[in-house]
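Here is a short briefing on one protein chain.

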Amino acid sequence: MNKDFWVHVKDTFLKFLVEIGPRAIYAIIALFIGVFVIKIAMQMLKRILKKSKIELSLKTFLESLSVFVLWGLLFFVVGSILGIEASSFLAIFGAAGIAIGLALQGSLANFAGGVLILVFKPFKVGDLIKVNNVLGFVEKIDILYTRVKTYDGLIVTMPNGNVSNSDVDNRTMEPYRRVGLDLKFNYDVDIDFVLNLIEETMKKHPKIIHNPEPDAWLDSIGEYELKVVARCWVKSEEYYPIYWEQLLAVKKALDKNGIEMPVPKRTLYQPQLKQELMVKPNEKAPKEGK
């Protein structure tokens, strides 16, 4: 009986090799060819997208999405060669999709967020944005993540789901931005002279916008200082260099004219000390209660 069993196993195995063997070989060949075709197709797609006028943010998204689609088609072809029916294949993919979807709910939300970013375009690759307390330039918009490069060279990768649901401060969407300087001065300064000095100094910068012209005004009167606000308009991409240059130019102009910044002042009142100072040298201060 044992001999018959092993003969049956042998016959079954040989029959399996005869039926499945050629399909397995064809499937392996198709897999290698498919991998090669995917590489060629992605190279061609990158060249086409590079020459096209499509926005860079959409290009990176299409590249990532194409990789998933092509690999999905390759697995479908390999499965068909192995004899897996289309209905069974779809059922397997459906079950796997449900399982993967439950396990990767965050990733699906990131994918949906990436689609929303590309459709509504709150920002694009190259824009200077501030989101989730991160300020930097958008380097890449993937199907799941957005990469931002900060001013100090850090690469911050943020999930698209969080980005699409957050307040995004896009600082390059408008062509012009306003440079603002908040300054403080002593009470005894000639405020008209100071305001005129600041305005004339800011007007000398060669890269500012002269419509509207730079202006300065007294904003408020504090406890020990006068608060002055000065403004001028510049191109968005030149905001920070001009801000620093204007701040330095105003500081030098104030120093040249002998105008100093205020120092906090406080008055201390000590009644006992005042009483002792008023007593004559040969007299004693009266004791308390007399």
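**Overall fold**

Among contacts (heavy atoms within 4.5 Å) between residues at least 6 apart in sequence, 62% join residues at least 24 apart. This is a predicted model: local features need pLDDT of at least 70, side-chain atom pairs count only at pLDDT 80 or more, and totals for chains, interfaces and linings use all residues. Residues are numbered from 1 along each chain as its sequence is written, and side-chain values use heavy atoms, with hydrogens and water left out.

- The chain holds 8 helices and 8 strands; these are DSSP runs numbered from the N terminus, helices (H or I) of at least four residues and strands (E) of at least two.
- Of the 290 residues, 28% are buried (under 20% relative accessible area; exposed is over 50%, partly exposed in between; 1.4 Å probe, protein chains only).

**Strand E8 and its partners**

- E6 (residues 176-185) pairs with E8 in the antiparallel sense over 10 bridges; pairing takes at least two DSSP bridges.
- Leu 183 has Val 228 in E8 as its bridge partner.
- E7 (residues 215-221) also pairs with E8 in the antiparallel sense, over 6 bridges.
- Asp 215 stands opposite Arg 231 in E8.
- A hairpin is formed by E7 and E8, with 4 residues between them.

**Helix H1**

- Helix H1 covers residues 2-51 and includes Ile 40.
- Ile 40 counts as partly exposed because its relative accessibility is 33%.
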